[in-house]
Amino acid sequence: MAHLDGKTAVITGGGTGIGLAIAKRLAADGAHCVLMGRNLERLQEKAAGIDRARAERCDVTDPDSVRKAFAAARETRPVSILVNNAGIASSAPFHRMSEDEFLRIQDVNVTGVFRCTRAVTDDLRAADYGRVINISSIAGLSGGPYISHYCASKHAVIGMTRALAAEWAKTQTTVNAICPGYVRTEMAEGAIRTIIEKTGATRDQAIAELAKSNPQGRLLEVEEVAEIAGWLCHPDSRSVNGQAIALNGGHSM
Ligand code: NDP
């Protein structure tokens, strides 16, 4: 018997990149995964390739959409694992950062985490096993130029993680954040395109620029993030609570 047999795991942004890798990892441990995101067709196609997985349309910026998606997710059993992975990024120097753009990022990356976590709060507070895993970023632990809005959002996610872990410490649910450096996904591709556009660098030079932020001099692979999520979901990881786990090849935070 696998240790997540019979447990439902919701993964927001589960149709691509890090979220999809986490869904595959948790399914391999027996979980019934519900992949959520806005692009239902893509989610359904990816879910079809994962044992016991299904797709639910969910826009984390829309309270009604979140309510409906989570009601569907818990139709057969309560949600035991929530992976708040949906996220967006952009870049702009602070002197050109509009309030609309600042708020757009917070709405997905922070308020989205709040909405989805609220949607499973009753399940998790009563459960004999529960996990919330928030995908923050190295940008949640340190600052960087041109991403003040993204840094603010990812720092906020760590704050929410720590507060909730303290508040729920006497329950059987742990709340942790994973903070990766650059991971080879569509989001990192966006950063690579921006460097090429702004500096005229080649693709290899742009990748090397991103890799410099990791002392190991490389981008992470999605499976490396998924492995940590899988480990956090193991019943024996229950003493790990309220942590912001940095994955960046040795950069001390
Ligand atoms: P992707 O762009 O591949 O994934 C982002 C996911 O978020 C998509 O599946 C998208 O699905 C979903 N999403 C975006 N907006 C919404 C919304 N309003 N409602 C629901 N889902 C939404 O990038 P990654 O896999 O890299 O990103 C996953 C997480 O990892 C993000 O939180 C990101 O900030 C974080 N991260 C990424 C790093 C990297 O270098 N790649 C480094 C550190 C952290 P859909 O379009 O279907 O809605």
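Predicted model: local features only at pLDDT ≥ 70, side-chain atom pairs only at ≥ 80, totals over all residues.

Visitor: What about arginine 52, what is its phi?

Guide: For arginine 52, phi is near 60 degrees, again a positive value in a residue other than glycine. Arginine 52 belongs to the loop between helix H2 (40-48) and strand S3 (54-57), and with a relative accessible area of 39% it is partly exposed.

Visitor: Let's change topic to the ligand. Which residues come nearest to it?

Guide: There are 28 residues around the ligand, and the ones that come nearest are Thr16, Arg38, Tyr150, Val183 and Thr185. Sorted by class, this shell has 12 nonpolar, 12 polar and 4 charged residues.

Visitor: Which polar atoms lie by the ligand's oxygen atoms?

Guide: Threonine 185 has a polar side-chain atom 2.6 Å from an oxygen atom of the ligand, and threonine 16 likewise places a polar side-chain atom 2.7 Å from a ligand oxygen. With asparagine 39 the polar atom belongs to the backbone, and it is 3.0 Å from an oxygen atom of the ligand.

Visitor: How much of the ligand does the protein cover?

Guide: On its own the ligand has 880 Å² of accessible area, and the protein covers 93% of that. The elements that give two or more residues to the shell are helix H1 (17-28) and helix H5 (148-167).

Visitor: Why would you say the ligand lies between the two domains?

Guide: Because both of them give residues to the shell around it: domain 1 is made of 8-181 + 221-246, and domain 2 is 183-219.

Visitor: On to the inside, then. Which residues touch the most other members of the largest nonpolar core?

Guide: That core has 35 residues, and Ile22, Leu26, Cys33 and Leu35 are the ones that touch the most other members. H1 gives the largest share, with 7 residues, while the elements that each supply at least two residues include strand S1 (8-12), strand S2 (32-37), strand S4 (79-84) and helix H8 (222-233). As general background, nonpolar side chains in soluble globular proteins tend to be buried together.

Visitor: Is threonine 12 buried or exposed?

Guide: Threonine 12 is buried, with a relative accessible area of 2%, and its place is in strand S1. A polar atom of its side chain lies 2.9 Å from the backbone nitrogen of alanine 86.

Visitor: What is going on in the segment after S7, say at asparagine 248?

Guide: Asparagine 248 is found in that segment, which follows S7, and its relative accessibility of 5% means that it counts as buried. The side chain of asparagine 248 has a polar atom 3.0 Å from the backbone oxygen of serine 213.

Visitor: And serine 252, buried or exposed?

Guide: Serine 252 is also found in the segment after S7, but at 66% relative accessibility it counts as exposed.

Visitor: Last one: which helix holds leucine 103?

Guide: Leucine 103 is in helix H4, which spans residues 99-126, and it is partly exposed, with a relative accessible area of 44%. Leucine 103 and arginine 162 are 59 residues apart in sequence, and their C-alpha atoms are 23 Å apart in space.

Note on methods: Residues numbered from 1 in each chain as written. Heavy atoms only, no water. Near = heavy atom within 4 Å. Polar contact = N/O pair within 3.5 Å; in protein donor to acceptor, adjacent residues only side chain to side chain. Areas by Shrake-Rupley, 256 points an atom, 1.4 Å probe, with all protein chains shown as cover. Helix = DSSP H or I, 4+ residues; strand = E, 2+ residues; numbered from the N terminus. Nonpolar A, V, L, I, M, F, W, Y, C, P; charged D, E, K, R; others polar. Domains from an automatic or database assignment. Buried < 20%, exposed > 50% of the residue type's maximum accessible area, 1.4 Å probe, protein only. Core = buried A, V, L, I, M, F, W, Y, C linked by side-chain atoms within 4.5 Å.
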